[in-house]
Amino acid sequence: MLICFFFSHLFFSLVREILIPEDGLYKIEIYATNDLHGRFFDSLYVGDRAEVHPYSLASVSSYIKQRRSAVGDNNVVLLDIGDHLQGDNAVYYFNFVDNSSEHLFSRMANYIDYDAVVVGNHDIEAGHDVYDKISKELSMPYLAANALDKISGDPYFTPYTVLSKNGLRIAVIGLTNPNIPNWLSPYLWEGMEFIEIKESLQYWVDYVKNNESPHIIIAALHAGLGNVETYNIENPARFLAANIEGLDVVFASHDHKVTTEYINNGSKDVLLLEGGSRASYLSAAYVVL
């Protein structure tokens with residue numbers, strides 16, 4: 001069933017029904033922003049001050065506050081799927097002018113209370129001084145399971161997080177775009193190597209299934225949609241939804257497209273969502289367990 005709501009944003013959602021051994025009915029609302037590109041406020045920063053952007057992270061914040069008030073904090077999950085550190089003037093200022101204060105994105109993310117944030121390729125573009133600092137400032141995990149420390153071989157960022165929501169365990173595995181070395185100068189990602197998402201994701205899905213006993217497994221990919229039939233290193237989301245065993249929900253990003261669809265994985269349908277860019281869309285999955 002497809003449900004569309006219009007409230008300052010266009011929300012896409014699908015109801016996913018899963019049977020679990022525990023008694024009771026659980027309803028979890030899972031929201032995701034992606035490719036914000038610094039669109040934290042509605043300001044244009046130049047020209048007519050009366051003219052504003054119609055959508056921004058500020059309007060997302062208002063909606064999420066309403067949903068948490070309506071259904072309770074413990075029934076709402078909020079994720080960001082990367083590319084937040086490049087774009088509008090405000091984020092540029094805190095990347096390259098005032099890089100001693102707490103970064104504006106850290107303040108925004110902590111205020112809106114994301115449950116997890118994924119590293120995008122444009123976030124690496126800001127350089128070690130910026131994203132290493134933000135990783136420490138955020139009160140939630142900064143995820144990129146496939147960005148490895150060259151020395152230790154371990155993930156440079158946090159690979160996944162398990163959220164406890166109303167008695168449910170929700171695993172969120174975050175992966176960044178492995179094409180970063182083809183786009184960015186080596187000094188920006190010095191000390192890291194990037195593994196293809198296909199290889200890394202199956203490992204971490206199996207790991208969390210075996211070690212964390214989650215009820216829901218989410219893949220939060222800073223990567224585009226592509227197609228079901230062919231694996232593409234930059235845009236593999238549809239292919240991965242169809243071929244990685246154990247997934248329930250996949251959030252895509254990066255190519256700024258908008259979709260909500262089920263993709264058959266052989267044994268079940270996997271929900272795939274992507275919400276454009278710059279907060280013009282907010283992906284919403286309503287999960288009924």
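Student: What makes Tyr131, Tyr142, Tyr156 and Phe157 a cluster?

Tutor: Ring pairs link these four residues, where a pair means rings of Phe, Tyr or Trp (its six-membered ring) with centres within 6.5 Å. The whole structure holds 15 aromatic pairs. One of them joins Tyr131 and Phe157, with 5.9 Å from centre to centre and 55 degrees between the planes. Please keep in mind that this is a predicted model, where local features need pLDDT of at least 70 and side-chain atom pairs count only at pLDDT 80 or more, while totals for chains, interfaces and linings use all residues. Residues are numbered from 1 along each chain as its sequence is written, and side-chain values use heavy atoms, with hydrogens and water left out.

Student: Why is the pair of Tyr131 and Phe157 called tilted?

Tutor: Planes under 30 degrees apart count as stacked, over 60 as edge-to-face and the rest as tilted. The 55 degrees of Tyr131 and Phe157 belong to the rest, so tilted is the word.

Student: What does the pair of Tyr131 and Phe157 tie together?

Tutor: Tyr131 lies in helix H5 (residues 128–137), and Phe157 in the loop between strand S7 (147–149) and strand S8 (160–165), so the pair ties together parts that are 26 residues apart in sequence. Helices here are DSSP runs of H or I with at least four residues, and strands are runs of E with at least two, numbered from the N terminus.

Student: How do you know that Tyr131 is buried?

Tutor: Buried means under 20% relative accessible area, exposed over 50%, and partly exposed in between (1.4 Å probe, protein chains only). Tyr131 has 0%, so it counts as buried. Phe157, at 6%, is buried as well.

Student: And what makes the pair of Trp204 and Tyr207 edge-to-face?

Tutor: The ring centres of Trp204 and Tyr207 are 5.3 Å apart and the planes stand at 65 degrees, so the pair is edge-to-face. Both residues lie in helix H7 (residues 197–212), three residues apart, about one turn of the helix. An α-helix has 3.6 residues a turn, so residues three or four places apart point the same way. Trp204 is buried at 12% relative accessibility, whereas Tyr207 is partly exposed at 31%.

Student: How do you know that Lys198 lies over the face of Tyr231?

Tutor: Lys198 is 4.2 Å from the ring centre of Tyr231. A charge sits over a ring if NZ of Lys or CZ of Arg is within 6 Å of the ring centre and within 35 degrees of the ring normal.

Student: Now the strands: why is strand S3 called mostly covered?

Tutor: In S3 (residues 27–33), six of the seven residues are buried. S3 pairs with strand S15 (residues 281–288) in the antiparallel sense over six bridges, and strands pair if DSSP finds at least two bridges between them. Ile28 stands opposite Val287 in S15. S3 also pairs with strand S4 (residues 76–80), in the parallel sense over five bridges, with Ile30 opposite Val77.

Student: What makes the crossover from S3 to S4 β-α-β?

Tutor: The chain goes from S3 through helix H1 (residues 57–71) to S4, and this crossover is right-handed. Right-handed means that, with the strands pointing away from the viewer, the path from the first strand over the helix to the second runs clockwise.

Student: How do you know that the buried residues of helix H2 line one face?

Tutor: In H2 (residues 89–96), the buried residues are Ala90, Val91, Phe94 and Asn95. Down the axis of H2 they fall within an arc of 135 degrees, so they line one face of the helix; the arc is that of the directions from the helix axis to the C-beta atoms. These buried residues pack against helix H3 (104–112) and H5.

Student: Why is Arg39 called buried?

Tutor: Arg39 has a relative accessible area of 12%, so it falls under the 20% limit. It lies in the loop between S3 and H1. Its contacts (heavy atoms within 4.5 Å), leaving aside neighbours within four places in sequence, include His53, Asp88 and Arg278.

Student: What makes Ser213 exposed?

Tutor: Its relative accessible area is 51%, so Ser213 is over the 50% limit. Ser213 has a positive phi of about 50 degrees although it is not a glycine, and lies in the loop between H7 and strand S11 (216–221).
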